[in-house]
Amino acid sequence: MATTPLTQRDYTTKYTPSWCPGCGNFGIMPATKGAFAELGIPPHQIAMIFGIGCSSNGSNFYNVYAFHGIHGRSLPVASGVKLANSELTVVADSGDGDAYGEGISHFVHTARTNIDITYLVHDNHLYSLTTGQTSPTSEEGMKTKSAPFGNIDHPFNPIATAILNGATFVAQGFSSDIPQLKELIKQAIKHRGFSFINIMQLCPTFNKLNEFPWYKERVIKLEDEKHNTSDYQAALMQAVRTDGKIPLGVFYQIEKPTYHDRLEQLKTPLVKHRIDRIDITRSLEIYR
């Protein structure tokens, strides 16, 4: 941890974000940087891995180690980074199309491993980088560029999926509630194991259904309902509630051994293992 107080400026590059005016990314980024600063994690000890989408050019705007990968592949790259150097704080960052469309298998299987990384998903219910096609979380009946007569598919439920597949920290935030989102990100980073936050996000350019007044009528806070975050059944009930409300906060959190806890060879970060005495000659013999 840093010995002098850090601020959001320490995580900011010289590049200006190219997002549309009013984009929810302008709320998520300060929440994330604020969380880093308040946790006192120096920029050189953070690795952020991005997929493809409007949010993913954030790799240009965070002054940390950043990798801009291919569509849906932020989680396997983030897992590789954590396996190589467990001393880094590793954050994977995706959009809903990237995470729940192309990257759905990685989402499910990373949750099962309980590897100690944080996954932030910007959920604006569309593929907005490609100008507004239906995504897995688009509302049923929602009219989009690829569904001009209304989406006929039932929306994907990321919260229930994460809980059912073994994620040990599952939460939901909102891009317009930066203070709460910052606290959720801090909790997620501090959690030992796979931590996941679905972040409801405004897209004023292409999403004319899920605008701020729409959210204002629906969002509630789980802490106001005295929700027990260690209760598996209660978490699932909140994830599948049918009263039209959108819960924000921590749905589920438990302590379980992480991926690194279960493998003796990972007790020491791989980047610190001595390799000068390792002879791989015999392993290569079969390829001759």
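**View 1. Residues around the largest pocket of this predicted model.** Welcome to a lining of 26 residues, where E139, P155, N157, A239 and R241 lie nearest the centre of the largest pocket. Here a pocket is an open set of points on a 1 Å grid over the protein atoms alone, where a 1.4 Å probe fits, with protein on both sides within 12 Å along at least five of seven lines; lining residues have an atom within 4 Å of a point. In this predicted model, local features need pLDDT of at least 70 and side-chain atom pairs count only at pLDDT 80 or more, while totals for chains, interfaces and linings use all residues. Residues are numbered from 1 along each chain as its sequence is written, and side-chain values use heavy atoms, leaving out hydrogens and water.

**View 2. Elements and space of the largest pocket.** Two or more lining residues come from each of α5 (158-164), β8 (195-200), α7 (212-218), α8 (232-239) and β10 (246-253). Helices (H or I, at least four residues) and strands (E, at least two) are DSSP runs, numbered from the N terminus. With three residues, β10 gives the most to this lining. The largest pocket holds about 630 Å³ of space, a volume filled by probe spheres set on grid points joined across faces, edges and corners.

**View 3. The second largest pocket.** About 200 Å³ of space lies here. Among its 18 lining residues, G53, C54, Y127, S128 and L129 are the closest to the centre. Both α3 (96-102) and β5 (126-127) supply at least two residues of the lining, and α3 gives the most, with three.
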